[in-house]
Amino acid sequence: MNRCLSCLVAAAVAGCASPAGRPDMSELATNAAQDRALTQWKCTETKGTVLGRTALPMAAGYAGPERIQYTIGVEGCGRNMNVVVVCAAGTPCFVAGTDNRK
């Protein structure tokens, strides 16, 4: 019984880890948000911080991967903004919107 529990814990932890050399979705979301800052501000020195993460509801009949919505705070070059980024496994993350603060 104890051995079985150890196997379940190991499987759960392994399922949460990113495959070697691949960034997790929060890193991809942060990169997408920083890329948006680069294009909007022409600023290469930005820092992104994950402010929130929400699993989006699955539509009836949708058989694709789970979609995660991230809110990323980006600051740099004297500016800051929040960027909403949506990611799904196996697809590029995309910027769904920004609050365009100066």
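## The Cys43–Cys77 link

A disulfide joins Cys43 to Cys77, with an S to S distance of 1.9 Å. A disulfide here is a pair of cysteine sulfur atoms within 2.5 Å. The pair links distant parts of the chain, its two residues being 34 residues apart. Cys43 sits in the loop between helix 2 and strand 1, and Cys77 in the loop between strand 2 and strand 3. Helices (H or I, at least four residues) and strands (E, at least two) are DSSP runs, numbered from the N terminus. The link of Cys43 and Cys77 is right-handed, with 80 degrees about the S-S bond.

What is the relative accessible area of Cys43? The value is 2%, and Cys43 is buried. Cys77 is exposed, at 54%. The cut-offs for these words are under 20% relative accessible area for buried, over 50% for exposed, and partly exposed in between (1.4 Å probe, protein chains only).

## Basis of the model

The model is predicted; local features need pLDDT of at least 70, side-chain atom pairs count only at pLDDT 80 or more, and totals for chains, interfaces and linings use all residues. Residues are numbered from 1 along each chain as its sequence is written, and side-chain values use heavy atoms, with hydrogens and water left out.

## The Cys87–Cys93 link

Cys87 and Cys93 form a disulfide. Their sulfur atoms are 2.0 Å apart. This link is right-handed, with 115 degrees about the S-S bond. Cys87 is buried, at 1% relative accessible area. Cys93 also counts as buried, at 18% relative accessibility.

## Disulfide pattern

How many disulfides does the distance rule give? The count comes to 2. With bonded cysteines counted along the chain, the disulfides follow the pattern 1-2, 3-4.

## Positive phi in two loops

Lys42 has a phi near 55 degrees, a positive value in a residue other than glycine. Where is Lys42 placed? The answer is the loop between helix 2 (25-41) and strand 1 (47-55). Lys42 is exposed, with a relative accessible area of 68%.

Cys77 returns here. Its phi is positive, about 55 degrees, although Cys77 is not a glycine. The loop that holds Cys77 runs between strand 2 (67-76) and strand 3 (79-88).
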